[in-house]
Amino acid sequence: MKKDVICPHCGKAYSCYRNPTPTTDVVIYEPTRGVVIIARANPPLGYALPGGFIEEGEQAEAAAVREMREETGLDVELTGLLGVYSRPDRDPRQHTLSMVFTGRPRDPLALRAGDDAAQAAFYPPDALPEPLAFDHARILADFREVLAGRRTLGAVEPLARERNS
């Protein structure tokens, strides 16, 4: 949304844009272990899917892989697009728009908490810790629908470096 404001220093009008901030989350799933959930180290506290902000010039899929490595220590292969979640109240800090992917860890034993995570662990999809932050309970309910065969995943665009190889 474009908004015209007046500079308090020079008095000239300028336009600023107040759009949702793009983020990405990943439901990391390993059938024998469950899904990866982190305990957030920073407010808002609680348990959450690992994820974070997409940087300027970064492909959403690349951001997802990067964030997983930073928060969980896992090298993740993205397996599908679960959905886009954009309710204005989904994050109490600001309006975010999250592309939520599914993925599998290449080495589940490499799991460790890092970056913004105080803890990281696998949980069975039907025995998740609480409270779940943001809208992650809804996202995980949607993922359980995928596991039950009642919902499908969207395709994932290859990473730019994979396309050019």
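**Group meeting: a first look at a predicted model**

Good morning. Let us begin with the span of residues 19-145, whose end C-alpha atoms lie 30 Å apart and which is 18% helix and 39% strand. Helices (H or I, at least four residues) and strands (E, at least two) are DSSP runs, numbered from the N terminus. For this span, the UniProt record, an unreviewed entry, gives the feature "domain: Nudix hydrolase" at residues 19-145. UniProt positions are in the numbering used here, feature names are shortened, and annotations may be inferred rather than shown by experiment.

The model is predicted: local features need pLDDT of at least 70, side-chain atom pairs count only at pLDDT 80 or more, and totals for chains, interfaces and linings use all residues. Residues are numbered from 1 along each chain as its sequence is written, and side-chain values use heavy atoms, with hydrogens and water left out.

I turn to the start of the chain. Strand β1 (residues 2-6) runs antiparallel to strand β2 (residues 13-17), and five bridges join them; two strands pair if DSSP finds at least two bridges between them. Asp4 has Ser15 in β2 as its bridge partner. Six residues lie between the strands of this hairpin, where Gly11 takes a positive phi near 80°.

Next, the aromatic rings. Rings of Phe, Tyr and Trp (its six-membered ring) pair if their centres lie within 6.5 Å; planes under 30 degrees apart count as stacked, over 60 as edge-to-face and the rest as tilted. By this rule there is one aromatic pair. Tyr29 and Phe143 form it, edge-to-face, at 5.3 Å centre to centre with 65° between the planes. The pair links distant parts of the chain, as Tyr29 belongs to strand β3 (residues 21-30) and Phe143 to helix α2 (residues 136-147), 114 residues apart. Tyr29 counts as partly exposed because its relative accessibility is 21%, whereas Phe143, at 4%, counts as buried.

Now the largest pocket, which has a volume of about 260 Å³. Of the 22 residues that line this pocket, the closest to its centre are Arg40, Gly51, Gly52, Arg93 and Phe134. Two or more lining residues come from each of β3, β4 (34-40), β6 (51-53) and α1 (60-72). On a 1 Å grid over the protein atoms alone, a pocket is an open set of points where a 1.4 Å probe fits, with protein on both sides within 12 Å along at least five of seven lines; lining residues have an atom within 4 Å of a point. Grid points are joined across faces, edges and corners, and a volume is the space filled by probe spheres set on the points.

Finally, the backbone. Most residues other than glycine have a negative phi, and most peptide bonds are trans. Phe134, in the loop between β9 and α2, has a positive phi of about 55° although it is not a glycine. Asp115, in the loop between β8 and β9, likewise has a positive phi, of about 50°. A cis peptide bond joins Pro43 and Pro44, with omega about -5°; another joins Glu130 and Pro131, with omega about 0°.

Key
Buried < 20%, exposed > 50% of the residue type's maximum accessible area, 1.4 Å probe, protein only.
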